[in-house]
Every structure is written in C-alpha cells, then in structure tokens.
Amino acid sequence: MHRHNPSSKAVSSNDAVAEAARILRHGGMVAFPTETVYGLGADAFNEIAVARIFEAKQRPRFDPLIVHIADADQLTRVVARVPILATALIESFWPGPLTLILPKSATVPDLVTAGLPSVAVRMPCHPMARELIRLTGTPLAAPSANSFGQTSSTNADHVRQSLGDKVDYILDGGPAAVGIESTIISLLTSPPAILRLGGLALETIEAVTGPISRPQPGVLPVISAPGMLPRHYAPHTPLRLESILTPPRDPACRAGALAFCRAPATTRFVAVEVLSPTSDLREAAANLFGAIHRLDRLSLDFIIAERVPDEGLGLAINDRLARAAAPCFQ
Ligand code: TXA
Ligand code: MG
C-alpha cells in the first residue's frame, strides 16, 4: 500500500478526497473528518481492509464497527429491512450525528458486525465525508480514529498523534463541529433502546419516536457496546470528575482543570481549559476532546474535570468524562 500524506496546503481538498477514495478502493485505510469525531475508514465489504482497522486501533474483534453511508441506496445494501420508526428517524436526523442499529443484510461481513445479526449505520453530514463515501462508491466501516479506549480525535493532528503512520492517508477537514460521537439507537426492540448517549440529544430523538428505553442502572445491556465499557475515551493522565473543581492539597502535585464555563478562582491549577464561556453545551461538546488532548500533553499528575449540567448534550459530555475518569481495572 502506498503511504503518502498531504502535508502541504497546496493539495486542494478535491484532489485529497479523490486520492483518499482511490486508496480506499484499493483496500487501504483512510482517516476522514465527520461532524462528530474523525473516523478511520475502510471499504465495509473488504474484509482484509476491515481487519487492518482492528489491528491499527488494537481494537478487540468483539467490538463491531459503524458503517457510514452517503445515500439511501447504500442503506439498502447494508440492512435487511428498515422498520417504520427507523424511516422517521432517518427523515428527521440524517445526515447527522445519529447511528441506527438495524437488522443486517447477508452481504455485510461478520467482521464488521462482530458476528451480530445487526449492523450499525450512520450517514454523516460533513461534506468531505459524504463526498469521500460517494467517490469511493462503497459504504465505509469506520470506528473513531484513535487507539482503542483512548480519547477520540476531533482534528487531523489528534489522528496523527494517535495513529500516525499506521494510517494510509489522513484527510484534513478541520475541527469536528459536534465534537462527541454519534448517539446510538437500537431499533431491534420496541420501544427502541439507547446504546450510547452522543451528539444528538435524547429528548430531540424522543420527540420523533416517543419514549426510548434506557439501560437499567446496574443491569448490563444485552449487547454491550465498548462505548459503554466503564473505562473509555481516556487520556494518559489520570482524570478525576468532580462537581466543584478543587485543586489537590499536595503543593507538589501538578493538576490541570477542565472547567465548564468559568476558570476556577484558585491559582493552584497549572493549566485551565474552559469548555464554553457562555455555558453553551454544544460549544462545550465541540471543545471537549480537544481540551482533554491539550491537557494530556502537559505531563500533569492529574486532570480535574468539572461536571457539566445534566441536560441536553451535557448528559453525553458527563458520560464521556465519567468513563475517561473510571479506574483501569485490568
Ligand atoms: O460519531 C461516531 O459514531 C464515530 C464517527 C467516526 O462516525 N464513530 C464511532 O465509532 O464512535 P466507534 O467504533 O468508536 O463506536 C461505535 C460503537 C461501538 O461502541 C460499537 O460497539 C457500537 O458502536 N456498535 C457497532 N455495531 C453495533 C451493533 N450491531 N450493535 C450494537 N452496538 C454496535
Ligand atoms: Mg471510539
């Protein structure tokens, strides 16, 4: 496989997308922008290419991938049927940050779905992602473009730092506008079930579908998505989640603060990131992973993160922070 990356801005984005599509058609792996986070894509029907994604990310084979499509025609190639409620969701929210779990068509490789009879499908709205899928001419299986369990990438630099030359090509589409992964809804059950909180708020979805079932606290879902693992999205620096930002007592301890809307009054933090000075949860979501990446590069002893309000996208932000903070127990 030919490894080459446009480092110079002289490459027009059209040329870059065409080159990326060519690499994908030849079984390569391309990191590409979406409105949520960057994805690491391969032709969903090419098992060898898909296997390379698992290898590059060090992702366990039991963790199925999301298939990204550009149009309705590609949907019919990957799913066996589309329930009525799914049609309503598609009409309301695609393209956008919503992934649907649907019965899979026989042609989708088992490697993509980790042997499940269902497939996760999403139509991203980033214009470069859609043009890439359209030009490649095939749906793309793509997890988030980061090593397994680590903080997701919201710009091309994060991808370079996390996966570097394991990727055949990195398409730079600027910073991700939403900044957290898609919301995942399963339509295999009635009522539908939420498998992962994400970039589309639950109440917005429920306005179309009616009540959606949530996992019972303490009860494992039938299919456990790794985004539901206790520890995920984690920086290298230990992270603590608190209701009020309190600096560590030990003066020798170098801590960074991840604040919601206001920097803490104390000067005890060696670095401070404020997610949204105007208390806007959308802005906070868009800045979340970038801020974590920046703090993670400072060799701090701790990152102390402040809970954001538990409403709208705040639920998904707190979910990411709680999993990034969970202790490693292997
Ligand atoms: O916003 C996003 O969804 C990003 C961008 C790149 O599209 N992708 C992403 O992919 O977050 P990933 O692989 O990091 O997370 C996909 C999640 C996993 O937790 C996986 O277990 C779940 O989707 N998933 C995939 N197929 C599934 C299925 N058939 N049933 C249940 N969960 C599934
Ligand atoms: Mg991920």
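In which sense, parallel or antiparallel, do strand β3 and strand β6 pair, and over how many bridges? In this predicted model, strand β3, which covers residues 66-68, and strand β6, which covers residues 140-141, pair in the antiparallel sense over two bridges. Within this pairing, valine 67 stands opposite alanine 141 of β6. Helix α2, formed by residues 47-57, packs on the sheet and touches both β2 (39-43) and β6, and the direction of the helix makes an angle of about 155° with that of β2.

The sheet that contains these strands is an open one of nine strands with mixed pairing, and the strands follow the order β7-β1-β2-β6-β3-β5-β4-β8-β9. Its edges are taken by β7 (169-170) and β9 (193-196), and because each of these has a single partner strand, one side of each is left without a neighbour in the sheet.

A further open sheet is built from four strands in the order β10-β13-β11-β12, and here the pairing is parallel. The edge positions belong to β10 (239-242) and β12 (271-274), each of which has a single partner strand, so that one side of each remains without a neighbour in the sheet. On average, and with direction ignored, neighbouring strands of this sheet are turned by 20° against each other. Strand β10 and strand β13 (residues 302-306) run parallel and are joined by four bridges, and leucine 239 has isoleucine 303 as its bridge partner in β13. Two helices can be described together with this sheet. Helix α9, comprising residues 281-296, packs on the sheet through contacts with β11 (255-259), β12 and β13, and its direction makes about 170° with that of β11. Helix α10, comprising residues 313-325, also packs on the sheet, where it touches β10, β11 and β13, and its direction makes about 135° with that of β10.

Attention then turns to the ligand and its surroundings. An oxygen atom of ligand 1 is placed 2.9 Å from an N or O atom in the side chain of arginine 196. A distance of 2.9 Å is likewise found between an oxygen atom of the ligand and an N or O atom in the side chain of aspartate 63, and an oxygen atom of ligand 1 is also 2.9 Å from an N or O atom in the side chain of arginine 122.

Arginine 122 is also one of the residues in contact with glutamate 35, when neighbours of glutamate 35 within four places in sequence are left aside; the others are Gly96, Pro97, Pro124, Cys125, His126, Ala176, Ala177, Val178 and Gly179. Glutamate 35 is located in the loop between β1 (30-32) and β2, and it counts as buried because its relative accessible area is 5%, which is under 20%. A polar atom of the side chain of glutamate 35 lies 3.3 Å from the backbone nitrogen of histidine 126.

Glutamine 161, by comparison, is part of helix α7 (residues 156-163) and is exposed, with a relative accessible area of 51%. The side chain of glutamine 161 makes a polar contact of 3.1 Å with the side chain of arginine 297. Between the C-alpha atoms of glutamine 161 and valine 17, which are 144 residues apart along the chain, the separation is 21 Å.

A disulfide is a covalent bond between the sulfur atoms of two cysteines, and the structure holds zero disulfides. Cysteine 125 is partly exposed at a relative accessible area of 34%, and cysteine 261 also counts as partly exposed, with a relative accessibility of 23%.

Most residues other than glycine have a negative phi, and most peptide bonds are trans. A cis peptide bond, however, joins tryptophan 94 and proline 95, with omega at about -10°, and proline 95 is placed in the loop between α4 (84-93) and β4 (98-103). Serine 190 and proline 191 are also joined by a cis peptide bond, for which omega is about -5°, and proline 191 is found in the loop between β8 (183-186) and β9. A positive phi, near 55°, occurs at alanine 114, which is situated in the loop between α5 (110-113) and β5 (118-122) and is partly exposed at 27% relative accessibility. Serine 279 has a positive phi of about 60°; this serine lies in the loop between β12 and α9 and, at 40% relative accessibility, is partly exposed.

Definitions and conventions: Residues numbered from 1 in each chain as written. Chains lettered and ligands numbered in written order. Predicted model: local features only at pLDDT ≥ 70, side-chain atom pairs only at ≥ 80, totals over all residues. Heavy atoms only, no water. Buried < 20%, exposed > 50% of the residue type's maximum accessible area, 1.4 Å probe, protein only. Polar contact = N/O pair within 3.5 Å; in protein donor to acceptor, adjacent residues only side chain to side chain. Pairing = 2+ DSSP bridges. Contact = heavy atoms within 4.5 Å. Axes fitted to C-alpha atoms, helices over the stretch in contact; angles between N-to-C directions. Disulfide = S-S within 2.5 Å.
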